[in-house]
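This report goes through the fold piece by piece. Keep the structure open while reading.

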Amino acid sequence: MMSKVKQRVLIIEDEPDLVRGLTDALGFEGYEVASALTGDDGIRAARAQKPDCIILDLMLPDRNGFSVCGELRRMYPRVSILILSARSQESDIIRGLEAGADDYVTKPFGVGELIARIRSLFRAIRRQAVSSPRGPILVGRAAVDLAAQMVVIGRKQEALTFFEAECLRILHGRAGSVVSREELLQEVWGAEGGPSSRTVDNVIVKLRRKLQDDAKKPKHILTVYGTGYKLVL
Ligand code: CA
């Protein structure tokens, strides 16, 4: 059952034609849409609007989109951020995901594809709402509250992004068994128009760091070569 409250999408992009086209298309899909033409305006708009999803261009007139992405992610650990960019090199995509983006769409793109990606982000969020375990789970020394998207190790607290928490939830639900990248993609991002398995690997890298699991010799999130990952508690 869909909630009656409209999901809010903020577009941070300096090409007016593209902003207009996306605003119309997303409005038609039932989203409440706001837009900003610069990075600083985008951050102000995010504060005012509290969007559920942010579509962020990388080449903005005032700021580098990667830094805007990092700032938005620090301010709002739970918001979905989708980077939209003409930069299609893998290094840019990885940098965007490292800066906290949940997905990356390269220009030129079809509006249909973009909307499918946004739907997939929202679907993942709805699925999580009905299936989070209660109370913290323990992974090594880390206590993780999946619903609150928080990791506590000793006196240190760190926020998880939505997708980090989701991947961990799936791995935890099947602890001790191998979960393939494809299964993680399917269950966390949804099948339709989701990102590539590279995205999964990036989320795992960040999860290991936050759980203080040694990236070179992980003890908890193990890589099963050619297949996927296995959580050992
Ligand atoms: Ca631009």
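## Ground rule for burial

A residue counts as buried when its relative accessible area is under 20%, and as exposed when that area is over 50%. Y31 has a relative accessible area of 10%, so Y31 is buried. F122 is at 3% relative accessibility and therefore also counts as buried. Bear in mind that this is a predicted model.

## Two domains

The protein divides into domain 1, residues 8-128, and domain 2, residues 132-231. Their centres, taken over C-alpha atoms, are separated by 23 Å. Domain 1 puts 20 residues into the contact, and domain 2 puts in 25 residues.

How is the size of such an interface often given? It is often given as the accessible area lost when the parts come together. Here domain 1 and domain 2 bury about 1,900 Å² between them. Of that area, 45% is on carbon and sulfur atoms. The number of salt bridges between domain 1 and domain 2 is zero.

## Aromatic pairs

A pair of aromatic rings is described by the distance of the centres and the angle of the planes. The structure holds two such pairs. Take Y31 and F122: their ring centres are 5.4 Å apart and their planes meet at 25°, so this pair is stacked. The cut-off for stacked is under 30 degrees. The pair links distant parts of the chain, 91 residues apart. Y31 sits in the loop between α1 (16-28) and β2 (32-36). F122 belongs to helix α5, residues 111-131.

The rings of F162 and F163 also pair, with centres 4.8 Å apart. Their planes are at 85°, so this pair is edge-to-face. The cut-off there is over 60 degrees. Both F162 and F163 are buried.

Strand β8 covers residues 150-153. Which of its residues lie on the covered face? V151 and I153 do, while M150 and V152 make up the uncovered face.

Strand β7, residues 142-145, pairs with β8 in the antiparallel sense over three bridges. D145 has M150 in β8 as its bridge partner. The β7-β8 hairpin has four residues between the strands. In this hairpin, Q149 takes a positive phi near 55°.

On to strand β9, residues 156-159: four bridges join β9 to β8, and the two run antiparallel. V151 finds its bridge partner in E158 of β9. The β8-β9 hairpin has two residues between its strands. G154, in that turn, has a positive phi of about 60°.

S80 lies in strand β4, residues 80-85. Buried or exposed? S80 is buried, with a relative accessible area of 0%. Leaving out residues up to four places away in sequence, S80 touches D52, C53, I54, D102, L121 and I125.

R208 lies in helix α8, residues 197-210. At 8% relative accessibility, R208 counts as buried. Beyond residues up to four places away in sequence, R208 touches D213, A215, P218, I221, L222, T223 and Y229. Q186 is 22 residues from R208 in sequence. In space, the two are 21 Å apart, C-alpha to C-alpha.

Conventions:
Residues numbered from 1 in each chain as written. Predicted model: local features only at pLDDT ≥ 70, side-chain atom pairs only at ≥ 80, totals over all residues. Heavy atoms only, no water. Buried < 20%, exposed > 50% of the residue type's maximum accessible area, 1.4 Å probe, protein only. Pairing = 2+ DSSP bridges. Phe/Tyr/Trp six-rings, centres within 6.5 Å; stacked < 30°, edge-to-face > 60°. Domains from an automatic or database assignment. Contact = heavy atoms within 4.5 Å. Buried area = accessible area lost by both parts, 1.4 Å probe. Salt bridge = Lys/Arg side-chain N within 4 Å of Asp/Glu carboxyl O.
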